[in-house]
Amino acid sequence: MLENKDIKTTYYEAYPKSFVDSNADGIGDLEGLRSKLTILSQLGTNYILLNQIFAKKDGKIDFYQVDDKIGSLEDVGRICEKGKYIRVKTLLDLDAKDLMATYGNNLKEEIKSILEHWKEIGIKGIRIKNLDDFTNDSPKAGEEIITEIRDLTYNLGLIYIGGLDKVDQKFKDQVDMVYFSKSNSLVKEKNSYKEFYEFLDMAQTLSGEVPVGLDFENYKSPRLIEKILNHDEEARPLTEALATLLFSLKTAPFIYQGTEIEAKSEYDIDMDKISDLEIKKIYEKYIEEGLKPEEAIDKVKKESNFSAKIPLRWDESSLGKFSEVENYYGTMVQYDNNYKEYLKHADSFFFYMYDIIMLRKRDSVFGLGDYEALAIDETTYIYKRTYKDKAYVVLVNLSDDFYEIEEKITDLIKDGKVIKNNNQDYDPEILDAYQAVIIEL
């Protein structure tokens, strides 16, 4: 069962293969993730989800074992053990599609053994994405599985997060939290965000019925800054606006690894040095369609999960200190967006995100308060958060042009106090490009 503090905290989605390589084979691993776990705790995260860690056997996923390229069951146990001392709980990421493909009609009998197995290792909960897939063949049988998992997790003291595609009340009484990963796909082109904002608005409404979590990017999606910005645009204003939005909503924030250092792909990519066959296949498809190499690479960045897979940079060296050897995406070039630089400077984006995570933890308005949409259009999202005798208005403009604020909202905020602003200027009548402001009324 989730408590209020669990709604106010931050969930971190880790993809170990791209985090840190501890054994110099060019692939990130669980020990590498464990070695940097303290940094995630210092950022303010209290839950970490382990993505894509299972072994495969005979073409199917083995939900009892870890992919030996990234580690072992003992490595997962060591992550869980370290988490006890730094207040980070480890959650296991599962997918209903994979569970059904592996166990089919025997899943109901198998799931108890799986959960007990990982509970013994130290896992504190699970997230099962695509929960609807359990009901594809038989709605009744699928609902029985979902309820069975609910009972098992409750009895084992595990958190149960259920991933859904549509924002509705389905299964809301059978999970501890509903999770949505669709928002990234709703950002289709620059300066056109209404569908994205409306999805977030619906999620806020549902959060009055059940705890709701969402992310803006994940292992399967491109990074939003890749989708929105041109290669020569500065990332900082947009990343700050997105962070302000994510952490000031009523829904629980899930952040994908690297977001805290504005991780992105290089402008120049050498496809010959990339070993990921999935990415190569996508690139070759675009070439066959008649795109030039630079056009194909740009499309790969904006429409595939390429930028979500690129290993994190830990310093300014050519390999980014991710590994001692060249990784599976080729040599890293020197870039400013690396942990060493971000942790040295209090005005870096890492600390901007830390500040807003702490604001959410500290002020119950953001984690627990009521939500009211004030304005939604193609570029701007404005909403009000209230809790007891406190009230805030959040204004977010994700477009590359200024926005004239409606008079009724200007009248509401003109005498308010600026709590957070990612722009040096503040005008209650105008939002600049990529500006996000939190006003205390």
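A residue is called buried when its relative accessible area is under 20%, exposed when that area is over 50%, and partly exposed in between, with a 1.4 Å probe and protein chains only. The model is predicted, so local features need pLDDT of at least 70 and side-chain atom pairs count only at pLDDT 80 or more, whereas totals for chains, interfaces and linings use all residues. Residues are numbered from 1 along each chain as its sequence is written, and side-chain values use heavy atoms, with hydrogens and water left out. Helices (H or I, at least four residues) and strands (E, at least two) are DSSP runs numbered from the N terminus.

**Helix 6**

- Helix 6 covers residues 107-121, and its 15 residues reach 21 Å from the first C-alpha to the last, close to the 21 Å expected at 1.5 Å a residue, where the expected span is 1.5 Å times one less than the number of residues.
- The buried residues of helix 6 are Leu107, Ile111, Ile114, Leu115, Trp118 and Ile121.
- Seen down the helix axis, these buried residues fall within an arc of 120°, so they line one face of helix 6; the arc is that of the directions from the helix axis to the C-beta atoms.
- Glu109 and Glu120 are exposed on the face of helix 6 turned away from its buried side, and Gly122, which follows the helix, has a positive phi near 130°.

- Strand 7 and strand 8 pair in the parallel sense over four bridges, two strands being counted as paired if DSSP finds at least two bridges between them, and Leu164 stands opposite Phe180 in strand 8.
- Strand 8 also runs parallel to strand 9 (residues 212-215), to which three bridges join it, with Tyr179 opposite Gly213.
- Both faces of strand 8 are covered, with Met177 and Tyr179 buried on one side and Val178 and Phe180 buried on the other.
- Asp176, in the loop between strand 7 and strand 8, is buried with a relative accessible area of 4%.

- Strand 11 (residues 370-376) and strand 12 (residues 380-387) pair in the antiparallel sense over six bridges, and a hairpin joins them through three residues.
- Within this pairing, Tyr371 stands opposite Arg385 in strand 12.
- Strand 12 pairs in the antiparallel sense with strand 13 (residues 390-397) over eight bridges, and Leu395 in strand 13 is the bridge partner of Ile382.
- The hairpin of strand 12 and strand 13 has two residues between them, and Lys388 in the turn has a positive phi of about 55°.

**Pockets**

- On a 1 Å grid over the protein atoms alone, a pocket is an open set of points with protein on both sides within 12 Å along at least five of seven lines, and lining residues have an atom within 4 Å of a point.
- The largest pocket has a volume of about 920 Å³, and of its 28 lining residues Tyr15, Lys17, Gln52, Lys56 and Tyr219 are the closest to its centre; a volume is the space filled by probe spheres set on grid points, which are joined across faces, edges and corners.
- The second largest pocket holds about 550 Å³ of space, and among its 32 lining residues Ser181, Ser185, Asn218, Lys220 and Ser221 lie nearest its centre.
- Elements that give two or more residues to the lining of the second largest pocket include strand 7 (159-164) and strand 8 (177-180).

Conventions
On a 1 Å grid over the protein atoms alone, a cavity is a set of points where a 1.4 Å probe fits but cannot get out, and a pocket is an open set with protein on both sides within 12 Å along at least five of seven lines; lining residues have an atom within 4 Å of a point.
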